[in-house]
Amino acid sequence: MTHLKTRLTMNHHRPLAQRFILKYEIQPLPKEEIILYINHHLKIAGAKMPIFTESALEAIALRSQGWPRVINTLTINSLLFGFQLKKEQIDEEVVRLAIEDSGV
């Protein structure tokens, strides 16, 4: 993001830089917030019970390094694999399959 900021401050990018109303840099989430983030989204979606095991959440946190876009990708792919495999709960094995498939 710093590279983009530097490039926008150059003179020939001034018209584009003037059109930005808000500049914001997202930082990676710490592990505790990753788990809260995932559980919050599941609750909003209507989940009534835990869908991911603790080890699955740990695997997502470790692999994503806290980046929300990667968390979302791994979570969605894990849910899809879990559905295909008819899993009652998403475990670390399913997350590993999602990691391999998504290439993140």
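I call a residue buried when its relative accessible area is under 20%, exposed when over 50%, and partly exposed in between, using a 1.4 Å probe and protein chains only. By that scale W67 is partly exposed, because its relative accessible area is 36%. I will come back to W67 at the end.

What you see is a predicted model, where local features need pLDDT of at least 70 and side-chain atom pairs count only at pLDDT 80 or more, while totals for chains, interfaces and linings use all residues. Residues are numbered from 1 along each chain as its sequence is written, and side-chain values use heavy atoms, leaving out hydrogens and water.

First, the overall layout. The protein has six helices and zero strands, so the order from the N terminus reads α-α-α-α-α-α, where helices (H or I, at least four residues) and strands (E, at least two) are DSSP runs numbered from the N terminus. Of the 104 residues, 27% are buried. The accessible surface is about 7,900 Å², and carbon and sulfur atoms hold 59% of that surface; the areas come from the Shrake-Rupley method with a 1.4 Å probe, and for residues only the protein chains shown count as cover. For contacts (heavy atoms within 4.5 Å) with a separation of 6 or more, 58% are between residues 24 or more positions apart.

Next, α4, which spans 54–64. Which of its residues are buried? They are A56, L57, A59, I60, A61 and S64. The cover over these buried residues includes α3 (31–44), α5 and α6. Take S64, in helix α4: it counts as buried because its relative accessibility is 2%. Leaving aside residues up to four places away in sequence, S64 touches I34, V70, I71 and L74.

After α4 comes Q65, with a positive phi near 55 degrees. Most residues other than glycine have a negative phi. Q65 is not a glycine; it sits in the loop between α4 and α5 and is exposed, given a relative accessible area of 59%. K86 is another non-glycine residue with a positive phi, about 55 degrees. K86 is in the loop between α5 and α6 and, with a relative accessible area of 73%, is exposed.

Now the packing of α5 on α6. Two packed helices are described by the angle between their axes and the distance between the axes. Here α5 and α6 (residues 92–102) are at about 115 degrees, with axes 8 Å apart. Axes are lines fitted to C-alpha atoms, for helices over the stretch in contact, and angles run from 0 to 180 degrees between N-to-C directions. From α5 the contact uses T73, L74, N77, S78, F81 and G82, and from α6 it uses V94, V95, L97, A98, I99, D101 and S102. The crossing is right-handed; a crossing has that hand if the near helix is turned clockwise from the far one by less than a right angle, and is left-handed if anticlockwise.

On to charges. How many salt bridges are there? The count is four, taking a salt bridge as a side-chain nitrogen of Lys or Arg within 4 Å of a carboxyl oxygen of Asp or Glu. One of them joins K31 and E58, at 3.0 Å from N to O. It links distant parts of the chain, as K31 is in helix α3 and E58 in helix α4, 27 residues apart. K31 is partly exposed at 37% relative accessibility, and E58 is partly exposed at 34%.

E92 is partly exposed at 32%, as is R96 at 45%.

D91 forms a salt bridge with K87, closest N and O atoms 3.3 Å apart. K87, D91 and E93 are linked in a network of salt bridges. D91 is partly exposed, at 21% relative accessible area, and K87 is partly exposed at 32%.

Last, back to W67. It is in the loop between α4 (54–64) and α5 (68–84). Together with Y24 and I26, W67 forms a nonpolar surface patch of about 370 Å² accessible area. Patches are made of residues with over 30% relative accessible area and no salt bridge, joining like charges within 9 Å and nonpolar side chains (Val, Leu, Ile, Met, Phe, Trp, Tyr) within 5 Å.
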